[in-house]
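Please read this report with the sequence and the structure side by side. It begins with charged side chains and then turns to strands, core and overall figures.

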Amino acid sequence: MRQSFISIAAILLVGVLALMVLNELDHVGVRPGVDAASAPDIVLKGANLSTFDEQGKIQYRVLAERIEHSEFTSRTLLDAPQLELHGGGQYWQVNAGHGEVDQKNRTLLLYDAVEARLDGPSAVLLNTDRLLYHVREQRLELPGAVEIRHPGGQTRAGKLDADVAAGRLNMGQGVETRYVTDL
């Protein structure tokens, strides 16, 4: 039961981060006089974007080596994104080699060595090659191999789908869980 709760918590985190990134990019305007099909509207190098609550405490942060946004395609590309979520006394970090935000379809795609980590007594580490979050449906897809390490052991699967709103997690294509007992 605890493993399922931890796995669902990890999936919920990724959904919240996707919503936050998409919210930040909703306020981007189009530059006049530029061929929208050939050049991004915004290029940020060494990006460090943060959002704070009313008390001035950090809620989340997006770090990336480079961010390119094109209003024409409604697409944002991220190089080496690091997404951080602070809240409820917990700190989550999600890293990937690359990312892509599609504002028209309201999706966040992370790929190339995706890692989501929660540190502390209920530590969770999720590793996969590709993670796709559908904001409107609040649905998460990990279409390839996924490994989740948790305090009780580790779980591997060939794919993972999650309905974030309902808190439902489905793993398939060869699910294997190994439990480690405390000595």
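## Salt bridges between charged side chains

Arg149 and Glu147 form a salt bridge, in which the closest N and O atoms are 2.5 Å apart. The model shown here is a predicted one, and the distances and areas in this report should be read with that in mind. Arg149 counts as partly exposed because its relative accessibility is 42%, whereas Glu147, with a relative accessible area of 14%, is buried. Side chains of opposite charge can pair when their charged atoms come close.

The structure holds 11 salt bridges, and two further pairs can be described in the same terms. Arg66 is joined to Glu68 by a salt bridge with its closest N and O atoms 2.7 Å apart; Arg66 is partly exposed at 25% relative accessibility, and Glu68 is partly exposed at 23%. Arg178 and Glu176 meet through their side chains in a salt bridge of 2.5 Å, N to O. Here Arg178 counts as exposed, at 52% relative accessibility, while Glu176 is partly exposed, with a relative accessible area of 35%. A network of salt bridges also links Arg75, Glu100 and Asp102.

## Strand E6 and its partners

Strand E6, which spans residues 98-102, is mostly covered, since four of its five residues are buried, that is, under 20% relative accessible area. Strand E3 (residues 75-79) pairs with E6 in the antiparallel sense over five bridges, and within this pairing His98 of E6 is the bridge partner of Asp79.

E6 is also joined to strand E7 (residues 107-118) by five bridges, and these two strands run antiparallel. Asp102 stands opposite Thr107 in E7. Together E6 and E7 form a hairpin with four residues between them, and in the turn Arg106 has a positive phi of about 55°.

## The nonpolar core

The largest nonpolar core has 30 residues, and Leu110, Leu142 and Val146 are those with the most contacts inside it. Several strands give two or more residues to this core, including E2 (58-70), E4 (82-87), E5 (90-95), E8 (124-134) and E12 (159-163). E7 gives the most to this core, with five residues. In soluble globular proteins, nonpolar side chains tend to be buried together.

What does Leu110 touch, if residues up to four places away in sequence are not counted? Among the residues in contact with Leu110 are Pro81, Leu83, Val94 and Leu131, and the list also includes His98, Gly99, Asp129 and Arg130.

## The protein as a whole

The secondary structure comes to one helix and 14 strands. Of the 183 residues in the protein, buried residues make up 40%. Among contacts with a separation of 6 or more, 37% are between residues 24 or more positions apart. The protein exposes about 9,900 Å², of which carbon and sulfur atoms supply 51%.

## Confidence in the model

The protein averages a pLDDT of 79, and 77% of the residues score at least 70. Over residues 1-5, however, the pLDDT is below 50, and this stretch has seven contacts in the model beyond near neighbours in sequence.

Note on methods:
Residues numbered from 1 in each chain as written. Predicted model: local features only at pLDDT ≥ 70, side-chain atom pairs only at ≥ 80, totals over all residues. Heavy atoms only, no water. Buried < 20%, exposed > 50% of the residue type's maximum accessible area, 1.4 Å probe, protein only. Pairing = 2+ DSSP bridges. Salt bridge = Lys/Arg side-chain N within 4 Å of Asp/Glu carboxyl O. pLDDT = per-residue confidence, 0-100. Contact = heavy atoms within 4.5 Å. Areas by Shrake-Rupley, 256 points an atom, 1.4 Å probe, with all protein chains shown as cover. Core = buried A, V, L, I, M, F, W, Y, C linked by side-chain atoms within 4.5 Å.
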